[in-house]
Amino acid sequence: MKITIEIYLLLKSAWADFKRDKVRTGLTSLGIMIGVLSVVLLIAFGLGLKNYIRDQFESLGANLVMILPGAGFSGGGNPASLTGGAEFDEKDVSSINKLPNIKYVVPVFIHSSTVSSANEEKKVNVMGANEDMFSLLNLKVHAGELWTKSDVEKKAKVAVLGYTIAENLYKNPSEALGKTIRIEGLRLKVVGVSKKIGNQERDEAAFIPYTTTFGSINTKKTFFAIYLGIANQDLVGEVKESVETTLLRRYDKDKFSVTEQSEILSSINQIFAILNLFLIAIGSISLIVGGVGIMNIMYATVTERTREVGIRRALGATRKDILLHFLTESTMLSLFGGIVGLVLASAIVLFIRNWFPVAVNVFAVILAIGVSSAIGIFFGVFPAKKAADLSPMEAIRYE
Amino acid sequence: MKTTSSIISLKNLWKEYVLGDETVFTALRDINLDIHEGEFSAIIGPSGSGKSTLMHMIGLLDKPTRGEIIVNGNDVAKLDDNQTSTLRNSYVGFVFQQFNLLNKLTIKENILLPATYSRRKLDFDPDERAEMLMEKFGILSKKDSFPNKISGGQQQRVAVARALIMKPQLVLADEPTGNLDRKTGTEIINLFEDLNKSEGITVVMVTHEMEIAERTGRQIKILDGQVVSDKK
């Protein structure tokens with residue numbers, strides 16, 4: 001009972017002080033507010049990026065094995081070495097095609113270029129592959145049709161455009177059908193436009209039979225990667241092994257990697273756990289700066305209210321009472337900033353969610369609230385101690 | 001000499017300050033003084049005489065360099081901060097020249113402030129007692145006002161009510177009329193006199209005005225840190 005009254009009075013007194021000087025309260029809390037805002041937003045973006053990349057991989061389907069250049073994700077290798085490894089070619093594709101238990105083999109040539117229609121020129125991701133790519137990417141047509149195996153065999157000069165690139169070139173995507181586009185001197189007939197899938201990379205892609213890219217866009221006739229669809233999840237390990245054995249005949253061990261989806265996902269989780277820590281560390285700097293701001297103001301407050309401290313001491317307040325009094329204020333200031341920052345961050349996150357899968361998680365909320373209270377206490381202790389150590393007699397005479 | 005029991009005894013009390021250039025300033029020298037229950041006394045002296053320092057000693061706001069302050073048989077100098085604060089809370093009520101009310105608290109909250117710092121079980125309801133004191137001092141209608149919204153005389157009544165809320169053994173008033181006009185000042189002195197006569201409350205008042213000091217039953221004159229006369 002007594003303690004509740006004491007807490008109530010502490011809070012009330014702190015609140016009254018805040019109300020008296022709203023501008024200062026606002027400015028003092030601002031540091032913590034910005035700190036919490038940045039920490040929460042950084043975590044949200046970190047998570048968003050992770051979700052985004054994970055979705056990209058997951059959308060490729062479950063029983064997927066990727067053959068990538070460099071040591072890749074497997075065996076804890078450095079993912080940065082994705083470039084500068086083996087350059088796969090048709091020989092690899094055909095030798096892998098001979099292996100058992102593989103449903104389809106999709107060689108993928110990826111190239112950034114520009115595409116021009118009669119009136120427009122746009123950036124485009126050229127994706128050269130075979131017809132199985134459409135089922136691998138789960139791609140459906142919005143208009144027209146997808147090119148087929150025979151188009152690949154005939155080196156047909158056809159293309160399926162992603163929804164966005166078709167829209168950019170012809171306003172109405174369906175109008176692209178039958179039109180001729182040019183990519184690096186290659187004239188292609190648009191046979192289909194894919195449905196919008198909300199993935200920028202694919203919505204802005206031009207899908208072309210890989211054979212067609214040979215000699216023109218793809219002068220070296222190589223592939224960036226080879227994707228394999230496996231008939232049965234249980235056979236993934238077995239297929240990986242046989243693929244590795246096959247490729248080892250041509251390439252060194254560290255020039256390529258054979259990775260299954262789950263390995264990549266766990267690598268992504270690992271990378272982003274580190275990235276998140278890094279982001280939190282950056283955000284924490286602003287929290288500390290905010291805390292120092294609170295400490296400054298609390299020191300000023302203590303000096304300003306020396307007389308009040310003297311009065312309270314004369315009336316029987318102990319050192320501890322005074323300490324608690326000022327700690328309550330700094331903690332409330334900090335917590336106030338923290339909560340406002342959290343609310344703002346959540347609002348921003350909700351807004352950005354329309355375009356990007358950012359997320360505020362419970363961890364970020366607990367961190368924001370916990371850290372801002374901790375900062376209030378930590379940076380409040382020194383000024384509060386100064387107040388508590390004032391001599392009652394000198395404090396009460398302070399003008 | 002002793003007629004009734006002492007509320008507080010100062011024995012061979014010295015207070016020295018070391019100044020910046022390491023010279024020692026003696027604020028109080030060898031003070032021996034007993035305040036008895038039911039007394040209304042005045043500590044008088046010119047400014048710089050040490051009367052405020054003496055009052056701070058009696059009010060347990062400061063500790064002596066040498067000597068003893070005996071309250072209820074205990075030497076205050078040997079108590080720690082918690083014990084001193086607790087004693088200050090229950091044993092003494094302060095009334096200051098500048099009223100020293102907290103402007104962000106209402107009149108009633110100001111009066112109740114000492115009760116929030118009490119660490120013992122009270123044998124009365126502070127809320128009821130605050131109402132009673134406000135009623136008695138004619139400030140009940142102002143209980144939800146803030147100190148800066150009422151007159152100086154009313155503020156000093158609030159301060160007196162605050163000094164009395166814990167039923168202290170001693171009320172210490174430091175120039176209580178210093179910030180008031182003559183008429184209001186007289187009213188406050190009347191109030192102290194009345195509290196002393198009708199309720200037997202012990203009052204020690206610091207003043208530099210002889211006229212006010214003469215209304216009390218005992219005048220303790222301080223000069224250069226020493227008691228030069230003690231008239232009853």
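Which side chain meets that of Lys122(A) in a salt bridge?

**Figure 1. Salt bridge of Lys122(A) and Glu120(A).** In this predicted model, the side chain of Lys122(A) meets that of Glu120(A), at 3.8 Å from N to O. A salt bridge here is a side-chain nitrogen of Lys or Arg within 4 Å of a carboxyl oxygen of Asp or Glu. Lys122(A) has a relative accessibility of 27% and counts as partly exposed; Glu120(A), with 26%, is partly exposed. Relative accessible area under 20% is termed buried, over 50% exposed, and in between partly exposed (1.4 Å probe, protein chains only).

**Figure 2. Salt bridge of Glu304(A) and Arg24(A).** The closest N and O atoms of this pair are 3.4 Å apart. Glu304(A) belongs to helix α10 (residues 261–304) of chain A and Arg24(A) to helix α2 (residues 22–58) of chain A, so the pair ties together parts 280 residues apart in sequence. Helices are DSSP runs (H or I, at least four residues), numbered from the N terminus. Glu304(A) is exposed at 54% relative accessibility, while Arg24(A) is partly exposed at 23%.

**Figure 3. Salt bridge of Glu308(A) and Arg312(A) within helix α11 of chain A.** Their closest N and O atoms are 2.8 Å apart. The two residues lie four residues apart in this helix (residues 306–314), about one turn. Glu308(A) is buried at 10% relative accessibility, and Arg312(A) is buried at 5%.

**Figure 4. A network of salt bridges.** Arg305(A), Glu308(A), Arg312(A), Glu329(A) and Lys104(B) are linked in this network. Over all chains, a search of the whole structure finds 30 salt bridges.

**Notes.** Residues are numbered from 1 along each chain as its sequence is written, and chains are lettered from A and ligands numbered from 1 in the order in which they are written. Local features need pLDDT of at least 70, side-chain atom pairs count only at pLDDT 80 or more, and totals for chains, interfaces and linings use all residues, while side-chain values use heavy atoms, leaving out hydrogens and water.
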